[in-house]
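This report covers the cross-links between side chains. The sequence and structure come before the account.

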Amino acid sequence: MKRRSTVALSLVVVLAAALTAATSGATKRAAANNITVWLQIDAQSGWPDLVASVNKQFQAAHPGTTVNVQYQNWGDHLQKFDATIAGNSVPDVIEMGNTEMTKYMAAGAFAPLDKSQFDNSANWLKGLAASGKFGGKTYGVPYYAGSRVVTYRTDLFKKAGIKKLPASTSEYVADAKRLAGAASKKGFSPVYIAGTDWYVGMGFVFDYGGAIATQVSGKWKGLLNSPKSIAGLTAYKNFFDATSHASKTTDETHPNPYDVYAQGGAASMIGPSWFTCCVGAKFKGTTAQFVMPGHVKGQSLPGFLGGSDLAVPLSSSNKALAAEWIKDFTSSASEKTLQAKGNIPNATSLLGSSVNERAAARSWFVPTAKHWVDVENGNILRNMLAQILSGKLSVKEAAASASDNIASVLNQS
């Protein structure tokens, strides 16, 4: 699930003040044998038994230690966290949405962690592991993920004579042509994709070995103009032109893909797995999902993962214990319990055979740069895709412009 929030602009100042207070001993700290853990309400409603068993195990291994779990809401947890930083009363462990991590890591809000201390760290899902890494150090431990898949109407695929799900994007294009022939609704999309949905567009870039940007000698360099990225962008344009009748210049919320689907306007759509919630009562019984294929047969298109990381605030007085608790809560046994409850575990070595888990095997994440949010807010990627799909600029021209703009934004002081 994609989670977004805006971090207070004064975060760096607040952190500096909090750390000064901590150094001077001016603020009362929590007892050394107590740790406070902030988890989202998903855990409270979905796997309270796991939380209880991990706390029991942890407290048995650390006699006299109490774990105080406090459940938070996604809507206001960052505002509350900012307040604890200002008051130097931070939790010892905090769950963060993966897209929320960068701003806090850049501001120095979290303590670095020893990656080797945690189970399966060599095989963490790429899209989650990247979200917890900044400046070469690990600050967030992957907790669980949410993937992107293709949601489709089985009745239309059957009507079009499609007996086997596509194993490559070229096969999907061939199926889309058959779906188009079997449809009667005006404006019908065999595959619904909003033109500027950069989560899908960048999946094609990464599928061809491209990337958005990388750091070279401490400076960010745009990579969208690299040959591999251009190959991916070209493939996205070709796929969109052949399969989607959606607008080439609007985003994925105008309209929502699942609204188009629920109104009978699409045979399939690419997006988060939870899209099944909103396909409409009429199509509920004929809706299923499959892994979005990449250009290499049998290999999935890399997906942008939603999900959560666990971090230790820098001003926690119990950082070692906090890291130990995270270790227990993300152990192989704990992750398998989460998996049994329908979640995607945090490592490729733990993935099962479900559609959602197979889709998570190949993933990507945005550059963990201080000013990445400015790239998003500036719609650089969306504008590039609109220029490419509308023919306003060639793929190379649009990619070169976007690559330069991204580098300029990321390299701001």
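## Disulfide

In this predicted model, Cys278 has a relative accessible area of 26% and is partly exposed. Cys278 is joined by a disulfide to Cys277, with an S to S distance of 2.4 Å. Cys277 is partly exposed as well, at 47% relative accessibility.

The link of Cys277 and Cys278 is left-handed, with -55° about the S-S bond. The structure holds 1 disulfide.

The structure holds 6 salt bridges. One of them pairs the side chains of Asp49 and Lys341, at 3.2 Å from N to O. Asp49 belongs to helix H3 (residues 48-61), while Lys341 sits in the loop between helix H13 (332-340) and helix H14 (355-359); the two are 292 residues apart. Asp49 is partly exposed with a relative accessible area of 44%, and Lys341 is partly exposed with 37%.

Another salt bridge is formed by the side chains of Asp207 and Arg362, at 2.9 Å from N to O. Because Asp207 lies in helix H9 (residues 198-207) and Arg362 in the loop between H14 and strand S14 (363-364), this pair ties together parts 155 residues apart in sequence. Asp207 counts as buried at 6% relative accessibility, whereas Arg362 counts as partly exposed at 23%.

## A buried salt bridge

The side chains of Glu252 and Arg382 also meet in a salt bridge, 2.9 Å from N to O. Glu252 is in the loop between helix H10 (227-243) and helix H11 (257-262) and Arg382 is in helix H16 (residues 380-390), so the pair ties together parts 130 residues apart in sequence. Both Glu252 and Arg382 are buried.

Conventions
Residues numbered from 1 in each chain as written. Predicted model: local features only at pLDDT ≥ 70, side-chain atom pairs only at ≥ 80, totals over all residues. Heavy atoms only, no water. Disulfide = S-S within 2.5 Å. Buried < 20%, exposed > 50% of the residue type's maximum accessible area, 1.4 Å probe, protein only. Salt bridge = Lys/Arg side-chain N within 4 Å of Asp/Glu carboxyl O. Helix = DSSP H or I, 4+ residues; strand = E, 2+ residues; numbered from the N terminus.
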